Amino acid sequence: MAVVEHAVAPAHQGPHPVDVRPPWRRLVPLSLQHLLVAYAGMATMPLLVGTALHLPEDRIRLLISANLLVSGVATVLQSLGFKWFGARLPIVMGSTFTAITPAILIGQEHGLAAVFGATVVSGLVTLAVAPWFGRCLHLFPPLVTGTVIAVIGFSLVPSAAGLIAGEGSDGSGGRGLALAAGTVLLVVVVERVAPPALARFSVLIAMAVGTVAALPLGLFDGSGVADARVVTAPDPTAFGAPTFVVPAIAAMLVVQLVNMVESVGDTLAVGQIVGRGDDAPTVVRALRADGAATVLSGALASFPIVTFGQSVGLVSVTRVKSRHVVALSGVLMVVLAFVPVLGAAVAAVPGPVLGGVSLVMFGTVGAVGLRILARADLTEPRNLLTVALAFALGMIPLGAPDFYAPLPSYVRTVLDSGIAITGIVAFLLNLLFHHTGAARLRKEPAR
């Protein structure tokens, strides 16, 4: 294998596309494209937690600013790398939706300081176990990672639909649907008819045109820009020093285990899309960046940090592989953390427009998962059973959100996450069928 790689990659060959920095005239809009796609997810986590805990608006804004700051720093670390940290791939980082319910429950019982303390501990644990995950990467073949990534993408589709339908409360549902459909259609048209250089901006073009189209439809609300402060600074002391409560830590460790499985899948997926980095050393560096960012996040009054599935979809759609593009988007996140008026401008993108784009992104993530899954031998009955059960059980929380309501809260922390169930079931069944007893003698499909 090494001989073949040397044959196709001679020493005089130019830098890998991942390492190429586009000229500024393309770098800035490409980075803005990543920022716009990811911003809603980054703001949603602290917004939902703060609202559920009945925090005043100024405290919720502090949570959002802290989240943007940590997400930006983590994105730069993950994409550019520093020594043993960072995958050095085009991966956006942000807070995870998996932690929403546990954070709310912990906050209601022990206060936000306990949430932040548990976040710090979960980050330290991630740092400690990252090398072990690297050594066990053979336990995450395409059968497992492809299934997990597919469910990550498809399970996020309802959140995109929620962005679209959110406009319907005032009777504008029909207009919102039309705007979302037009946004999706524009992405398709640009991808189909535009030259490759312009097609890379298909998502940004669709969002810009969709936002302009929202004006006559009455679906654009820019009041948040006028009300936002021009300059501010995150203030972690507003919530007190992190406290360390054992039940809170236990719940967050479960969340972090799910995050690590998701990060492994996303990192391998991006690595395969860009043609570099789908290996154990890269996964270990990615997880170390996750852990370091999560420790920093808890210290600065924010929540666990994980790879953003949107970045997988955007890299696949635009075919822009440069990690410098994503690194600049991380810098822009840091700027938004200190300049709320700019964040309000980004947040003014209408829900149907963002929802339409998200449908494309999340669907693409699911398709990437299916592409990886296709590398597994699905003619093997055991592999087919693994995929069937992982998908079926992973879809239950989406179709029946209250299915596990009678169970204790610490059990629901896992079971209410379709991604968690999918990852656990796929991992355990692959372990059972291919890595235990006589199954070890069976020849597994090549990775």
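**Close-up views of a predicted model**

**View A. Thr294 is buried, with a relative accessible area of 0%.** The model is predicted. Thr294 belongs to helix H12, which spans residues 280–299. Buried here means under 20% relative accessible area, so Thr294, at 0%, qualifies.

**View B. Helices H6 and H16 pack with their axes within 7 Å.** H6 covers residues 142–165, and H16 covers residues 351–373. Their axes cross at roughly 165 degrees. Angles over 145 degrees count as roughly antiparallel, and H6 is therefore roughly antiparallel to H16. The crossing of the two helices is left-handed. The contact of H6 with H16 holds 20 nonpolar residues and twelve polar ones. No charged residue takes part in this contact.

**View C. H6 also meets H11, with axes that come within 9 Å.** The two axes cross at roughly 100 degrees. That angle makes H6 roughly perpendicular to H11. From H6, the contact is made by Thr145, Val148, Ile149 and Ile152. From H11, Val261, Glu262, Gly265, Asp266, Leu268 and Ala269 take part. By class, the contact of H6 with H11 divides into six nonpolar, two polar and two charged residues.

**View D. The largest nonpolar core has 52 residues.** Leu89, Phe140, Val264, Leu287 and Val312 touch the most other members. Helix H11, residues 246–274, supplies the largest share of this core, with nine residues.

**View F. Helix H13, residues 309–318, is mostly covered.** Nine of its ten residues are buried. They are Gly309, Gln310, Ser311, Val312, Gly313, Leu314, Val315, Val317 and Thr318. Val312 is also one of the residues that touch the most other members of the largest nonpolar core. Arg319 follows H13. The phi of Arg319 is positive, near 60 degrees.

Conventions:
Residues are numbered from 1 along each chain as its sequence is written. This is a predicted model: local features need pLDDT of at least 70, side-chain atom pairs count only at pLDDT 80 or more; totals for chains, interfaces and linings use all residues. Side-chain values use heavy atoms; hydrogens and water are left out. Axes are lines fitted to C-alpha atoms, for helices over the stretch in contact, and angles run from 0 to 180 degrees between N-to-C directions. Helices (H or I, at least four residues) and strands (E, at least two) are DSSP runs, numbered from the N terminus. Angles under 35 degrees count as roughly parallel, over 145 as roughly antiparallel, 65 to 115 as roughly perpendicular and the rest as oblique. A crossing is left-handed if the near helix is turned anticlockwise from the far one by less than a right angle, and right-handed if clockwise. Ala, Val, Leu, Ile, Met, Phe, Trp, Tyr, Cys and Pro count as nonpolar, Asp, Glu, Lys and Arg as charged, and the others, Gly among them, as polar. Buried means under 20% relative accessible area, exposed over 50%, partly exposed in between (1.4 Å probe, protein chains only). A nonpolar core is a set of buried Ala, Val, Leu, Ile, Met, Phe, Trp, Tyr and Cys residues joined through side-chain atoms within 4.5 Å. Contact means heavy atoms within 4.5 Å.
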